[in-house]
Number of protein chains: 2
Amino acid sequence: MEKKSTPPGKTKIINAMRTLLEDRNFSSITISDIAATAGVTEGLIYKYFKDKRQLLHHVLKEYYEYFLLGIDHDLKGVSGALNKLRKVIWISIDRYATHRVFARIILLEVRNAEEYFHSEAYELVRQFNRLLLDIIKEGMDSGEIRGDISPSFARHAIFGTIEHACLNRVIFNEKVSIDETAEQVSYLILNGIKSR
Amino acid sequence: MEKKSTPPGKTKIINAMRTLLEDRNFSSITISDIAATAGVTEGLIYKYFKDKRQLLHHVLKEYYEYFLLGIDHDLKGVSGALNKLRKVIWISIDRYATHRVFARIILLEVRNAEEYFHSEAYELVRQFNRLLLDIIKEGMDSGEIRGDISPSFARHAIFGTIEHACLNRVIFNEKVSIDETAEQVSYLILNGIKSR
DNA sequence: ATGATCAGGTAAATATTGTTTACCTGATAC
DNA sequence: GTATCAGGTAAACAATATTTACCTGATCAT
């Protein structure tokens, strides 16, 4: 996940942060906790990261880099905007469900602070968002998706539903059936909740 | 919004917190900021609130109490589950759009900490959630809403979409057209995004 | 009328946590 | 063989959250 030969201390710090986020929230994790878990001194953390938040952003960035790598590959061979959407929905839920720390960071810990929106991590998030918007537009052009809604609202519906559905799992540490959740979300967003 | 004759200092503290949340995030607001803005001493804050977070929860609780008061009244005379849903969607977006501080607290600041889920504020949130679930079930019973989806997923779709749509407004301080947003959200969730 | 009690409030001490500084060490490059 | 530098430490320091001891005036039962 890292560039050319990361110093051992840095790696240990990053892993410590991940470990601690597994069952505690960001603000309750102290620098001294991180240092102790990593087995390094507190000062070293500031050698590699501007502050505690930037370390958090870095952890998120690593997840995102890893995920973005897979997504192009996963969409290869899938044809039709709706099929692509279904695939993206499944993948996204899978990530939240199997990477608790990732889910916690992005759903609960970063969005409240300004700096996040200037971080490299956020740049990757935007990249993913553009990808999704492109699929939606493609679907409108092809007629698969209705043309009378705004693409960005469609994105809100898809991601809002996914995130809301995964939130309880993150917060209360509940288990999720990925397939069932993906099925429900896809069905619901694509068809609406109204009888016809 | 408060019980019998709240002491002036307490009111000032609550108002100070609200004022500060208008354009800063929770973690960047210090106790000394709050005290200075309220024109009281730091110690007084701890006279009325266990800690900084509990003050935050209290502010949220006041908003929610106020909102819950209105909702029953607003739904009186609206018949049909779908119409009720449309109304609730409109009201919710209106709240987020016109009460920036409320939106910031609930969307960005509380859900990351365990204590929130034991707070009185959260109890009110649950109460509202139950109300929504009841409307959805009513719609299924009457046949207005399709019976082949899970009510709680329908709720995720409705609230997830609303929250996601309002998030950028909160974060980047953008203006929102309440009517247009409500229209888009309702249309989208009720009808789905798939062409037919 | 008086003094016990208590709510509302202050000021300063203390505890906790985040951040900075000065320095040490061994490998490598000149 | 020594200058430099990456990787690292330990301790000082700064910023914040929280606690403590205390003050004041109103109320109220004796």
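Helices are DSSP runs (H or I, at least four residues), numbered from the N terminus.

This is a predicted model, in which local features need pLDDT of at least 70 and side-chain atom pairs count only at pLDDT 80 or more, while totals for chains, interfaces and linings use all residues. Residues are numbered from 1 along each chain as its sequence is written, and chains are lettered from A and ligands numbered from 1 in the order in which they are written.

**Exercise 1.** Find which helices supply at least two residues each of the surface near DNA strand C.

*Solution.* 
- Chain A supplies helix 2 (31-38) and helix 3 (42-48).
- Chain B supplies helix 1 (8-23) and helix 3 (42-48).
- Helix 3 of chain B gives the most, with four residues.

**Exercise 2.** Describe the side of chain A that touches chain B.

*Solution.* 
- 36 residues of chain A are in contact (C-beta atoms, placed from the backbone, within 7 Å) with 36 residues of chain B.
- Helix 6 (100-109), helix 8 (151-172) and helix 9 (178-191) of chain A give two or more residues to this side.
- Helix 8 of chain A gives the most, with eleven residues.

**Exercise 3.** State how the two chains are related.

*Solution.* 
- A rotation of 180° with 0.0 Å of shift along its axis superposes chain A on chain B, with RMSD 0.0 Å (least squares on the C-alpha atoms of residues with pLDDT of at least 70 in both).
- The two copies are therefore related as by a two-fold rotation axis.
- The copies meet through the same surface, because 100% of the interface residues of chain A are also interface residues in chain B.

Methods: Two residues are in contact if their C-beta atoms, placed from the backbone, lie within 7 Å.
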